[in-house]
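Open the model in your viewer and keep the selection tool ready.

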Amino acid sequence: MAKDNLKEAPKATIDGITMPEAPEQKYPDYDVEVITDFDGMVDPFYLSQKDSKYEFRFLLDTPQNLKEKTSNLLYLKGGWKLCPGDYLIRQGIVRKEELSPDGFYRAGFNILAFMPKELFIKKRQHKDKQNKAPMDAVERLIRDGDRDNPELKGRGSSTQLGLQTQRQLRMD
């Protein structure tokens with residue numbers, strides 16, 4: 001074996017014990033990118049090379065879910081497009097062997113989809129606004145009081161904590 005095919009691999013330390021690692025070898029017939037993870041904490045949905053113009057997401061591969069997520073209704077869970085295999089190969093995200101027979105990239109029961117970043121940001125801002133609306137109403141009531149009940153005006157406080165558990169009240 002030629003010495004120039006070997007790279008010096010860093011030594012892994014697990015619980016203070018230095019584990020010897022075999023040097024990385026390049027085999028002409030074995031081009032699999034192997035991830036050695038002793039803890040088993042590898043994210044199966046991790047994409048090592050993503051196009052920065054797009055946001056990527058894995059969608060559950062069921063007819064109902066795909067119909068909903070790939071619709072053109074951006075604010076009703078839609079706006080995603082299934083990633084065509086030729087795009088993924090061209091971008092270097094996956095190799096041809098990793099694609100399913102229908103030409104899409106799958107991880108378990110999920111299929112890879114993408115959306116332009118600008119649309120994704122709009123979608124996220126809309127969702128954040130919807131999620132924040134109930135709390136905005138509470139903060140308005142605390143600040144301004146209830147306009148239908150003038151006796152409560154100014155009785156709220158921004159330091160009120162609402163309902164708390166026994167543990168939060170230090171009663172346990």
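Select lysine 69. Lysine 69 is buried, at 10% relative accessible area; buried means under 20%, exposed over 50%, and partly exposed in between, with a 1.4 Å probe and protein chains only. The side chains of glutamate 68 and lysine 69 form a salt bridge, 3.6 Å from N to O. The rule for a salt bridge is a side-chain nitrogen of Lys or Arg within 4 Å of a carboxyl oxygen of Asp or Glu. Glutamate 68 is partly exposed, with a relative accessible area of 28%.

A note on the source: this is a predicted model, where local features need pLDDT of at least 70 and side-chain atom pairs count only at pLDDT 80 or more, while totals for chains, interfaces and linings use all residues. Residues are numbered from 1 along each chain as its sequence is written, and side-chain values use heavy atoms, leaving out hydrogens and water.

Next, pick lysine 117 and glutamate 55. Their closest N and O atoms are 2.9 Å apart, in a salt bridge. The pair links distant parts of the chain: lysine 117 lies in helix H3 (residues 117–144), glutamate 55 in strand S5, 62 residues apart. Helices (H or I, at least four residues) and strands (E, at least two) are DSSP runs, numbered from the N terminus. Glutamate 55 counts as buried, at 19% relative accessibility. Lysine 117 is partly exposed, at 30%.

Stay on helix H3 and select aspartate 136 with lysine 132. The two form a salt bridge, with closest N and O atoms 3.3 Å apart. They sit four residues apart in helix H3, so about one helical turn separates them. Aspartate 136 is partly exposed, at 33% relative accessible area.

Then select Asp61, Asp102 and Arg106. Salt bridges link these residues in a network. How many salt bridges does the rule give? The count is seven.

The largest nonpolar core has 13 residues. Such a core is a set of buried Ala, Val, Leu, Ile, Met, Phe, Trp, Tyr and Cys residues joined through side-chain atoms within 4.5 Å. Leu47, Phe56, Leu88, Ile93, Tyr105 and Leu112 have the most contacts inside it. Strand S5 (54–60), helix H2 (85–91) and strand S8 (110–116) each supply at least two residues of this core.

Center on phenylalanine 56. Its contacts (heavy atoms within 4.5 Å) include Leu47, Trp80, Cys83, Ile93 and Leu112, not counting residues up to four places away in sequence. Lys50 and Asp51 are also among them.

Last stop: a second, separate core of eight residues, including Leu66, Leu74, Met115 and Phe120.
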